[in-house]
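Here is a short note for someone opening this structure for the first time. The points below can be read with the model on screen.

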Amino acid sequence: MAEVKLHGARFSPFYHRVKWALKLKGIPFEYIEEDYSNKTPQLLQYNPIHKKIPVLVHGGKPICESMNIVQYIDEIWPHNSLLPADPYERSVARFWVTFAEDKAISVFWKTLQTSGEEQKKAFEECLEMLRIVEEHCLGEKKFLGGDNINIVDIALGSIVHWLGITAEIAEFNLFEAEKFPLLHVHAWIKNFKEVPVIKENLAERDKTLAYIKAHREKTLGSS
C-alpha cells in the first residue's frame, strides 16, 4: 500500500470527515497536526491555492478539500463503500453532499462568527436547514444513508456535531425533540455518534468547546 499521510487540525470538522472515512475503511495513515497560524511548508506546497487543511497525501500525491478527499478514498479503497451501488441512489447521495457543502457549511460559519440578533438569525437558518434534511433526506431511516453510515452522514454529521457545540456556547437549544422527532439528539445524532468509529474518533467535547469559544472571541474581537 502506498504511504498515506493526513495533514489536519484536531478541532476541525473537515479534518474529521477524512479521518472517519479512513478509519471506516481501516486504512492506516500518518497524521500531521497543522497550526492555523504557522502552517508547515509541506502543507503550503501541497495546497498552494487555498492553503487549507485537510490535505491527504497518497503515494506522494496531494488531494485537497475534505469531501473531495472522502470520495477519492472511497474510489481507491472500494471495500466498505461509502457511496450506494445503485446509480440513482449514488446521485442522490452526491446531491446531499453538495447540500452540505453549499448550505450547512455556510450556516455553520454564520453561527460561529456572529453574535446577538445576527447569531440568533443564523441559528434560525440552521433550524430551517435541519427541517429540510429531516423531511427530504432522513425520513424513517436510521442514518442519512439508510441502515448504515455513508458519505452523507460524514458530510452533514461533521457539521451538525460542531453546530451543536456552537449552539451550546450560545445557549441556543438546537435539537429540541418536539421540533425534530427524527433529528434530535436521541435519534440520528445519537445513532451517528454511537457508531464505534465515530465515537472513538470524535474530538474531545470539552476541548472542542473551549477551542470554538476562543475562536469566536478572537473572531468577534477582531471584527
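Predicted model: local features only at pLDDT ≥ 70, side-chain atom pairs only at ≥ 80, totals over all residues.

Which residue in strand 3 is the bridge partner of Val-4?

1. The partner is His-58.

2. His-58 itself belongs to strand 3. With a relative accessibility of 13%, His-58 counts as buried, because the cut-off for that class is under 20%. Leaving aside residues up to four places away in sequence, His-58 touches Ala-2, Glu-3, Val-4, Ile-63, Tyr-72, Ile-76 and Trp-77. Phe-29 is 29 residues from His-58 along the chain, and the C-alpha atoms of the two are separated by 9.4 Å.

3. Four strands make up an open sheet, in the order 2-1-3-4, with mixed pairing. Its edge strands are strand 2 (30–33) and strand 4 (61–64), each of which pairs on one side only. From one strand to the next, the twist averages 20°. Strands of a sheet pair through backbone hydrogen bonds, in either a parallel or an antiparallel arrangement.

4. The remaining pairings can be taken in turn. Strand 1 and strand 2 run parallel and are joined by four bridges; in strand 2, Ile-32 is the bridge partner of His-7. Strand 3 (residues 55–58) and strand 4 run antiparallel, again with four bridges. There, Leu-56 stands opposite Ile-63 of strand 4.

5. Strand 1 is largely enclosed by the rest of the structure, because four of its five residues are buried. Helix 1 (residues 13–25) lies across strand 1 (4–8), strand 2 and strand 3, and runs at about 155° to strand 1.

6. For residues 2–81, an unreviewed UniProt entry lists "domain: GST N-terminal". In the model this span is 38% helix and 21% strand, and its end C-alpha atoms lie 20 Å apart.

7. Of its 19 residues, 17 are buried, so helix 6 is mostly covered.

Notes:
Residues numbered from 1 in each chain as written. Heavy atoms only, no water. Pairing = 2+ DSSP bridges. Helix = DSSP H or I, 4+ residues; strand = E, 2+ residues; numbered from the N terminus. Axes fitted to C-alpha atoms, helices over the stretch in contact; angles between N-to-C directions. Contact = heavy atoms within 4.5 Å. UniProt positions renumbered as here; feature names shortened; annotations may be inferred. Buried < 20%, exposed > 50% of the residue type's maximum accessible area, 1.4 Å probe, protein only.
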